[in-house]
Amino acid sequence: MSNFTAGGYAGDTSATQTYAALEQDPAAVLVDVRTQAEWSYVGVPDLSPLGRQALFVEWQRFPDGARNPAFVDELCALLKKNDATKETAIYFLCRSGVRSQGAAAALTQAGFNQCFNVLAGFEGPLDGSGHRATLAGWKQEGLPWRQS
């Protein structure tokens, strides 16, 4: 029996559950897979209260949205610099929890065993008025974040 979801990774978790897991496991890693533009203009998770930083690797490139062909290589290099192993719990975050599913599956295919998708991502799904960060996600759940 496999330890992976139908999506090809270890499972889904809320932003609040992710933050709690990062608090409890000093080896766990948060990887933000949004674009440079999103990091710059929307904000990023702030893990400084935990004494560490998120890792940042684009899953898709801005502005064309093409998948980053070097994603796994770039992320593996960052993980190695941060002493992560293939058994380290790695949490993937995007805007709404969709791109991060693909990223979690890609790293799982590369041999990492504990890749999780953060449901609702940093800003969550659109509400009835077409706005984000009102229903769910890192920001809406009141977790630490900052803007450049």
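This is a predicted model: local features need pLDDT of at least 70, side-chain atom pairs count only at pLDDT 80 or more; totals for chains, interfaces and linings use all residues.
Ground rules. Residues count from 1 along each chain as its sequence is written, and side-chain values use heavy atoms, without hydrogens and water. Local features need pLDDT of at least 70, side-chain atom pairs count only at pLDDT 80 or more, and totals for chains, interfaces and linings use all residues.

Start with the largest nonpolar core: 21 residues. By core I mean buried Ala, Val, Leu, Ile, Met, Phe, Trp, Tyr and Cys joined through side-chain atoms within 4.5 Å. Buried is under 20% relative accessible area, exposed over 50%, partly exposed in between, with a 1.4 Å probe on protein chains only. Val31, Val33, Phe71, Leu75, Leu79, Phe92 and Leu107 touch the most other members. Strand 2 (29-32), helix 3 (71-81), strand 5 (90-93) and helix 4 (99-109) each give two or more residues. Helix 4 gives the largest share, five. Elements are DSSP runs, numbered from the N terminus: helices H or I, at least four residues; strands E, at least two.

A second, separate core has 17 residues, including Ala15 and Tyr19.

Now helix 1, residues 15-24. Ala15, Thr18, Tyr19, Ala21 and Leu22 are buried. They sit on the same side of helix 1, because their arc around the axis is only 160°, taken from the directions from the axis to the C-beta atoms. On the other side, Glu23 and Gln24 are exposed. The buried residues pack against strand 1 (11-13), strand 2, strand 5 and strand 6 (115-118), with contact meaning heavy atoms within 4.5 Å.
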